[in-house]
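Subject: Handing over the structure, with notes on what was found

Dear colleague,

I am passing this structure on to you, and you will find the sequence and the coordinates just below. My notes on what was found follow after that, and I would be glad if you read them with the structure open.

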Amino acid sequence: REAVERAPVLKVSGASDPKTIAAALQRALRDSRAAKLTGIGAACVNQAVKSVAIALNELMAGGRGLLAYPDFIHIPAPEENEQAHSAIQITVVATSHVPRSYDRGNPLRVSGKNEAKGLASQLALRLPAAGEMQVQAVGPASVNQAVKAIAIVRKQMLDLSDTEVVGYPEFVSVAPLDRTGSERDHTGIR
C-alpha cells in the first residue's frame, strides 16, 4: 500500500508512444514497485493500456508480472473559471508471479458504441459466478469503454464486498465483430 501511495504518476496523452511509456513504467516499477498512468480521453486510455500490455510482456519474459487497477480520478480545474475533469488512472503494481493467460469461455466483446455503465452491469452479473473473465476490445473507443466499465465494477465490488478487481492487459488476435466488413483479424486488448 505504501508503494502505491508514493508511486510516480506518468501522464499519458493520445499521442504518447506506448513503447516509451512502457519503458518508463518498467523503470518506475523497478524503482518504486508501483506507478500510476493518468490521462483524459479515449486515445489516452488506449495508449495507457497498450503501455501496460507491453510492460507486462517484458516483465513476463523475466519471470515477473504486474497488476493493473483502473479508477476514475478528479482533476481540479487549473483556473477558477474552468471546469474540472474526470480522468482514468491505472495504478500498476509489480508482482513476483507471471499471470496466466485467461482464455476460457465467451469473452465480453466491447465496441466503441457500448456504454461503460451497460458493460459494467454485464461484468457485475458475470464476474461473481465466473470468478474471472475476459474482456476484449479493439480500438481507442472500445478500450476506453472497457476500462471505464472495469473501473465502475471495481468500485462497486470494493464497496459491496471488499472484492478486488484487477487486470492483466495483453494483446490478442480478435476476429471482427461484424463479418460483413473486413475479413482480417485485428490486434486487440484482452
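A residue is called buried here when its relative accessible area is under 20%, exposed when that value is over 50%, and partly exposed in between. Please keep in mind throughout that this is a predicted model.

**The chain as a whole**

The chain has 190 residues, of which 43% count as buried. Its secondary structure comes to 5 helices and 8 strands, and when these are read along the sequence they follow the pattern α-β-α-β-α-β-β-β-α-β-α-β-β. Among the contacts in the chain with a separation of 6 or more, 71% are between residues 24 or more positions apart. The accessible surface comes to about 10600 Å², and carbon and sulfur atoms account for 50% of that area.

**Salt bridges**

Side chains of opposite charge can pair when their charged atoms come close. How many salt bridges does the count come to? The count comes to 3 salt bridges, and they can be taken one by one.

In one of them D71 pairs with R154, with the closest N and O atoms 2.5 Å apart. Since D71 lies in strand β3 (residues 65-75) and R154 in helix α5, this pair ties together parts that are 83 residues apart in sequence.

In another, the side chains of E164 and R154 meet, with a distance of 2.6 Å from N to O. Here E164 belongs to the loop between α5 and β7 while R154 lies in helix α5, so the pair ties together parts that are 10 residues apart in sequence. E164 counts as partly exposed, because its relative accessibility is 37%.

There is also a salt bridge between D159 and K155, whose closest N and O atoms are 2.8 Å apart. These two residues are 4 residues apart in helix α5, and therefore they are separated by about one helical turn. Both D159 and K155 are exposed. Which residues do shared partners join into one network? Salt bridges that share partners join D71, R154 and E164 in this way.

A124 lies in helix α4 (residues 116-130), and it counts as partly exposed because its relative accessibility is 29%. If neighbours within four places in sequence are left aside, A124 is in contact with V153 and Q156. The C-alpha atoms of A124 and I152 are separated by 9.3 Å, and these two residues are 28 residues apart along the chain.

**The cavity**

Rolling a probe the size of a water molecule over the atoms shows where empty space is left. A search of the whole structure finds 1 cavity of 30 Å³ or more, and the volume of the largest cavity is about 40 Å³. Its lining is made up of V12, L37, T38, G39, C44, V45, A48, I88 and I90. The elements that give two or more residues to this lining are β2, α3 (42-61) and β4 (85-95). Sorted by class, the lining of the largest cavity has 7 nonpolar and 2 polar residues, and no charged residues.

**Two residues with positive phi**

Most residues other than glycine have a negative phi, and two residues may be worth a look on that account. R33 has a phi near 70°, which is a positive value in a residue other than glycine. R33 is found in the loop between α2 (18-32) and β2 (34-39), and it counts as partly exposed because its relative accessible area is 45%. D162 likewise has a positive phi, near 55°, in a residue other than glycine. D162 lies in the loop between α5 (140-161) and β7 (171-174), and at 66% relative accessibility it counts as exposed.

With best regards

Methods
Residues are numbered from 1 along each chain as its sequence is written. This is a predicted model: local features need pLDDT of at least 70, side-chain atom pairs count only at pLDDT 80 or more; totals for chains, interfaces and linings use all residues. Side-chain values use heavy atoms; hydrogens and water are left out. Buried means under 20% relative accessible area, exposed over 50%, partly exposed in between (1.4 Å probe, protein chains only). On a 1 Å grid over the protein atoms alone, a cavity is a set of points where a 1.4 Å probe fits but cannot get out, and a pocket is an open set with protein on both sides within 12 Å along at least five of seven lines; lining residues have an atom within 4 Å of a point. Grid points are joined across faces, edges and corners, and a volume is the space filled by probe spheres set on the points. Ala, Val, Leu, Ile, Met, Phe, Trp, Tyr, Cys and Pro count as nonpolar, Asp, Glu, Lys and Arg as charged, and the others, Gly among them, as polar. A salt bridge is a side-chain nitrogen of Lys or Arg within 4 Å of a carboxyl oxygen of Asp or Glu. Contact means heavy atoms within 4.5 Å. Accessible areas come from the Shrake-Rupley method with a 1.4 Å probe; for residues, only the protein chains shown count as cover.
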